[in-house]
Amino acid sequence: MKKSIFYFTPALPPKNNAAAVRNFWFIKVLSEAGHELKVITNKELTLKLPTNKESALMRLFKEKLAGFDLFLRVLFSSHDLYIFSSPPYITVIFGVFACWLKGSKYI
């Protein structure tokens, strides 16, 4: 059965890191299987994720802001499944909370 999937990952190629490469292949396989994908990366977020070069306090603050952005995107979207892959822990908590409020399935 084909599904409408909301897929959040911090990065995709041309970024050259493990999360970007891994998620590229997950998205490719899901797309080739005929699923409708809405892919959100840090590039699409209005409130951006922090870099590893920022202080711990700034990272925490920016992860919360990005989480709030993700929360709103999930809350006001309609998909069969939500996938949060390789995100910062604090950010994904907001996305999962929105799924919980809506009663949506998520991974």
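This is a predicted model: local features need pLDDT of at least 70, side-chain atom pairs count only at pLDDT 80 or more; totals for chains, interfaces and linings use all residues.
A crossing of two helices is called right-handed if the near helix is turned clockwise from the far one by less than a right angle.

**Exercise 1. Describe how helix 2 packs on helix 3.**

Solution. Start with the geometry: helix 2 (residues 56-75) meets helix 3 (residues 89-102) at an angle of about 25 degrees, and their axes are 7 Å apart. Angles under 35 degrees count as roughly parallel, so helix 2 is roughly parallel to helix 3. Next comes the handedness: the crossing of helix 2 past helix 3 is right-handed. Then look at who takes part. Helix 2 contributes L60, E63, K64, A66, G67, F68, L70, F71, V74 and L75, while helix 3 brings I90, T91, F94, G95, F97, A98, C99, L101 and K102.

**Exercise 2. Find the residues closest to the centre of the largest pocket, and say what kinds of residue line it.**

Solution. First, the space: the largest pocket holds about 580 Å³. Its lining has 23 residues, and P10, A11, K15, N17 and N42 are the closest to the centre.

**Exercise 3. Place L30 in the fold and list what it touches.**

Solution. Begin with the element: L30 sits in helix 1 (residues 18-32). Leaving out residues up to four places away in sequence, L30 touches I5, Y7, H35, L37 and I83. For a further landmark, take D69: L30 and D69 are 39 residues apart in sequence, and their C-alpha atoms are 25 Å apart in space.

Key
Residues are numbered from 1 along each chain as its sequence is written. Side-chain values use heavy atoms; hydrogens and water are left out. Axes are lines fitted to C-alpha atoms, for helices over the stretch in contact, and angles run from 0 to 180 degrees between N-to-C directions. Helices (H or I, at least four residues) and strands (E, at least two) are DSSP runs, numbered from the N terminus. Angles under 35 degrees count as roughly parallel, over 145 as roughly antiparallel, 65 to 115 as roughly perpendicular and the rest as oblique. Contact means heavy atoms within 4.5 Å. On a 1 Å grid over the protein atoms alone, a cavity is a set of points where a 1.4 Å probe fits but cannot get out, and a pocket is an open set with protein on both sides within 12 Å along at least five of seven lines; lining residues have an atom within 4 Å of a point. Grid points are joined across faces, edges and corners, and a volume is the space filled by probe spheres set on the points. Ala, Val, Leu, Ile, Met, Phe, Trp, Tyr, Cys and Pro count as nonpolar, Asp, Glu, Lys and Arg as charged, and the others, Gly among them, as polar.
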